[in-house]
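Please examine the structure below with attention to its ligand site, its aromatic pairs and selected side-chain contacts. The paragraphs that follow take these topics in turn.

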Amino acid sequence: MHLTAETLERPAAADAPSPAQAAAAVRERAYAPARSEVPRAEVEPSAAARGSESRAGSEVPTSQRTPVIWFDGRFIPGDAPEAPLTTHAMHYGTAVFEGIRSYATADGGAAVFRLPEHMERMRKGAEMFGIDFDVERASQATLATLRANGHRDAYIRPLTWMGTGTIGLDVDPLSQHLMIATLPKVVHLGGARTRLTVSPWKRNPATSLPALKLSGAYVNSILAKREAKQRGFDEALFTDDQGYVVECTGANVFMVKNGVVTSVDHRDALPGITRDTMIELSGAQSRAVTLHELLDADEVFVCGTAAEATPISVLDRREFGDNPVTRELAALYARVVRGEEPRYAAWLTAV
Ligand code: PMP
C-alpha cells in the first residue's frame with residue numbers, strides 16, 4: 001500500500017487499516033527486519049523480490065520484472081514503499097548518494113566503472129553526518145544488485161540516509177540506512193548536444209556545503225536546472241561572483257582552444273570522477289577558467305558519470321560548431337568504460 005495524502009485524509013473503511021496502522025506496518029517492514037535479515041539476501045534476491053515469476057513457475061524475462069532494490073542487507077521489490085513519513089532525510093536532505101555506471105563488456109559480461117572511487121566519495125559524504133559507511137559492503141551490494149536484476153548497461157544509485165529517531169537537527173539519535181537501486185536506462189544529458197545558459201543562481205560555496213554528493217545540496221542544482229529549462233535551455237552553468245566558471249548542475253566543464261584541452265578547476269565544484277578520467281585520457285590541463293574564456297573556446301563539453309562527454313551546442317548567444325576533439329574523447333571514453341582499452345582495465349570492476 002502506498003501512503004498518499006489521499007490515504008491519510010480519507011476516513012478509514014471498516015476493514016481497511018487506519019493510517020496509523022498502515023504507517024506502523026510500513027515502519028515495521030522497513031526497519032525491523034532489515035537489521036537482522038539473513039545474509040543470503042546480500043547475494044541473491046528473495047523469492048518475494050523475484051515476484052510472480054517463481055510462484056507461477058514460468059520464466060519472466062529479467063527485463064520485464066520490477067527491479068529489486070538492495071535495502072539494508074536484503075532485496076525488496078523496487079516499488080515497495082519503505083521509508084516512514086518521519087524519515088529525517090525527507091525533511092532535511094540528510095542523505096548522501098552516488099551516481100555510478102555499469103557497462104556491458106565485449107566478453108558478454110558487465111563491469112562497473114571506477115567503483116572504488118565512487119564508494120570512497122560516498123564514504124566521505126556519509127562521514128559528514130556520522131554515518132558509518134562500509135565501502136566493501138556497499139561495493140558488494142552494488143554488484144549483487146546488478147546480478148539480481150540482470151542489468152548490464154545500467155545507472156546505479158546508492159543512497160545512504162538518516163532515518164527515524166528525532167525530528168530535531170541533532171542527527172546522532174537517528175537510524176542509518178543504505179539502499180542500492182539499478183536502472184537499466186541512462187539518465188541526465190547522456191551525450192546529446194546540449195544548450196547551456198549561465199544561471200542567475202550561484203553554486204553552493206564549499207565554505208557552506210562541501211563539494212560532495214549530499215542530497216540537500218542538490219536543491220541548488222534543481223533550482224538552476226529548472227530556471228534554465230524555463231528559458232528554453234537544457235542545462236545551467238554556474239559561474240562565481242568573480243566571473244569564473246564553476247560547473248553545471250550535474251557535470252564538470254571542459255573547453256578546447258587551439259587543440260589544447262582544459263578542465264575547469266573550482267573549489268566549489270564537485271571533483272568529478274569522469275573529470276579525472278578525461279584529464280587522464282586527454283592530458284588536459286586543470287586550471288581556473290573565466291566565462292569569457294569559455295565563450296572564446298573552439299569547443300566546450302561537460303562530463304559526468306551520466307552525462308559522459310556531452311558537447312555544448314549553445315552557451316547563451318554563443319553557438320559552437322563542429323566538436324572533433326570532444327567527439328574523439330567521447331569515443332575513447334566509450335571504449336574505456338566497455339573494457340576495449342586494456343591499458344585502463346584497472347578502472348573496471350567485473351560484475
Ligand atoms: N558535478 C556535479 C554537481 C555532479 O552532480 C556530478 C555528477 N556526479 C558531477 C559534477 C560529475 O561527477 P562524476 O563524474 O563523478 O559523476
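**The ligand and its surroundings**

An oxygen atom of the ligand has a polar side-chain atom of threonine 305 at a distance of 2.6 Å. The model is a predicted one, in which local features need pLDDT of at least 70 and side-chain atom pairs count only at pLDDT 80 or more, while totals for chains, interfaces and linings use all residues. Residues are numbered from 1 along each chain as its sequence is written, and side-chain values use heavy atoms, with hydrogens and water left out.

Helix H9 (273–282) and strand E14 (299–304) are the elements that give two or more residues to the shell around the ligand. Helices (H or I, at least four residues) and strands (E, at least two) are DSSP runs, numbered from the N terminus.

Which residues come nearest to the ligand? Of the 16 residues around the ligand, these are Lys213, Tyr218, Glu247, Thr274 and Thr305; a residue is near a molecule if one of its heavy atoms lies within 4 Å of it.

**Aromatic pairs**

A pair of aromatic rings is described by the distance of the centres and the angle of the planes. Rings of Phe, Tyr and Trp (its six-membered ring) pair if their centres lie within 6.5 Å; planes under 30 degrees apart count as stacked, over 60 as edge-to-face and the rest as tilted. By this rule there are six aromatic pairs. One of them joins phenylalanine 71 and tryptophan 161, which are stacked because their ring centres are 5.8 Å apart and their planes stand at 10 degrees. Phenylalanine 71 belongs to strand E1 (residues 68–71) and tryptophan 161 to strand E6 (residues 154–162), so this pair ties together parts that are 90 residues apart in sequence. Phenylalanine 71 has 3% relative accessibility and therefore counts as buried, a term that means under 20% relative accessible area, with exposed over 50% and partly exposed in between (1.4 Å probe, protein chains only). Tryptophan 161, at 8% relative accessibility, also counts as buried.

Phenylalanine 113 and tryptophan 347 likewise have ring centres 5.8 Å apart, but their planes are at 85 degrees, so the pair is edge-to-face. Phenylalanine 113 lies in strand E5 (residues 110–113), whereas tryptophan 347 occupies the loop between helix H11 (324–337) and strand E17 (348–350); the pair therefore ties together parts that are 234 residues apart in sequence. Both phenylalanine 113 and tryptophan 347 are buried. One aromatic cluster is formed by Phe113, Tyr333, Tyr344 and Trp347.

**Arginine 101 and other local features**

Strand E4 (residues 100–104) contains arginine 101, which is buried at a relative accessible area of 4%. Arginine 101 lies over the face of tyrosine 103, 4.0 Å from the ring centre; a charge sits over a ring if NZ of Lys or CZ of Arg is within 6 Å of the ring centre and within 35 degrees of the ring normal. The side chain of arginine 101 also makes a polar contact of 3.5 Å with that of aspartate 153 and reaches the backbone oxygen of alanine 154 at 3.1 Å. A polar contact is a pair of N or O atoms within 3.5 Å; within protein, one must be able to donate a hydrogen and the other to accept it, and residues adjacent in sequence count only if both atoms are side-chain atoms.

Aspartate 72 is found in the loop between E1 and strand E2 (74–77). Its phi is near 50 degrees, a positive value in a residue other than glycine. Arginine 114, in the loop between E5 and helix H6 (115–128), likewise has a positive phi near 50 degrees.
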